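Hello,

Here is the structure I promised to pass on to you. Please open it alongside this email, and my notes will follow below.

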Amino acid sequence: MRYIISVLISLPLLTSLSANATTIYKWVDKNGVTHYSQQQPQQGEAEKLYSEDIEQAPIGFESPKVPEEVTQQDELTVAAETITRQDQAQAKAICDSAKHQLNLLQTSARLRKKDPETGEIEMMTDEQKQAEIANQQKRIKLFCQ
């Protein structure tokens with residue numbers, strides 16, 4: 001009796017699973033465009049796919065891949081290339097200035113700078129100092145060849 005009851009209960013479950021399966025037709029038209037449809041095309045051959053056999057890829061988890069050769073240059077890089085091409089003397093002056101600034105940043109413990117908004121002299125924080133060191137190193141890389 002239990003066996004009959006369990007079969008009667010599981011029978012609708014089994015039929016509902018197979019009822020959810022969908023037949024999908026895949027074909028390529030004369031222009032080379034691939035089509036997918038639940039209706040078989042009227043002309044030509046179509047490959048039969050079943051929805052339960054198709055593994056769905058996760059949506060929204062992979063970021064788009066940008067080719068490495070498609071990189072944008074920042075304003076400083078573009079300016080450095082222009083200056084270096086047009087005026088070697090100015091490029092050398094910027095290079096010398098960047099080397100001098102980097103030397104000061106790396107050898108001085110307490111540095112002050114002028115706040116561009118208020119015009120007041122204030123002490124540089126460690127974060128500001130490290131950012132300025134990175135900026136001067138970039139200028140050296142761009143202008144000192």
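Is Lys114 buried or exposed? Before the answer, please keep in mind that this is a predicted model. Lys114 is exposed, because its relative accessible area is 58%, over the 50% needed for that label. You will find Lys114 in strand S4, which covers residues 112-114. Setting aside residues within four places in sequence, Lys114 is in contact with Gly119, Glu120 and Ile121. Between Lys114 and Met124 there are 9.4 Å from C-alpha to C-alpha, and the two are ten residues apart in sequence.

Next, the sheet. Three strands make up an open sheet in the order S2-S1-S3, and their pairing is antiparallel. S2 and strand S3 (47-50) are at the edges with a single partner strand each, so one side of each has no neighbour in the sheet. From one strand to the next, the twist averages 25°.

The S1 and S2 pair is worth a look on your screen. Strand S1 (residues 23-28) and strand S2 (residues 34-37) run antiparallel and are joined by four bridges. Tyr25 has Ser37 of S2 opposite it, and Trp27 has His35 in S2 as its bridge partner. Together S1 and S2 form a hairpin, with five residues between the two strands. In the turn, Gly32 has a positive phi of about 85°.

What is the relative accessibility of Gln136? The value for Gln136 is 3%, so Gln136 counts as buried, the cut-off being under 20%. Gln136 lies in helix H4, residues 126-143. Leaving out neighbours within four places in sequence, Gln136 is in contact with Ala98, Gln101, Leu102 and Leu105.

The other residue is Thr77, in helix H2 (residues 75-86). Thr77 has 15% relative accessibility and therefore counts as buried too. Which residues does Thr77 touch, if those up to four places away in sequence are not counted? They are Lys138 and Leu142.

Best wishes

Conventions. Residues are numbered from 1 along each chain as its sequence is written. This is a predicted model: local features need pLDDT of at least 70, side-chain atom pairs count only at pLDDT 80 or more; totals for chains, interfaces and linings use all residues. Side-chain values use heavy atoms; hydrogens and water are left out. Two strands pair if DSSP finds at least two bridges between them. Buried means under 20% relative accessible area, exposed over 50%, partly exposed in between (1.4 Å probe, protein chains only). Contact means heavy atoms within 4.5 Å. Axes are lines fitted to C-alpha atoms, for helices over the stretch in contact, and angles run from 0 to 180 degrees between N-to-C directions.
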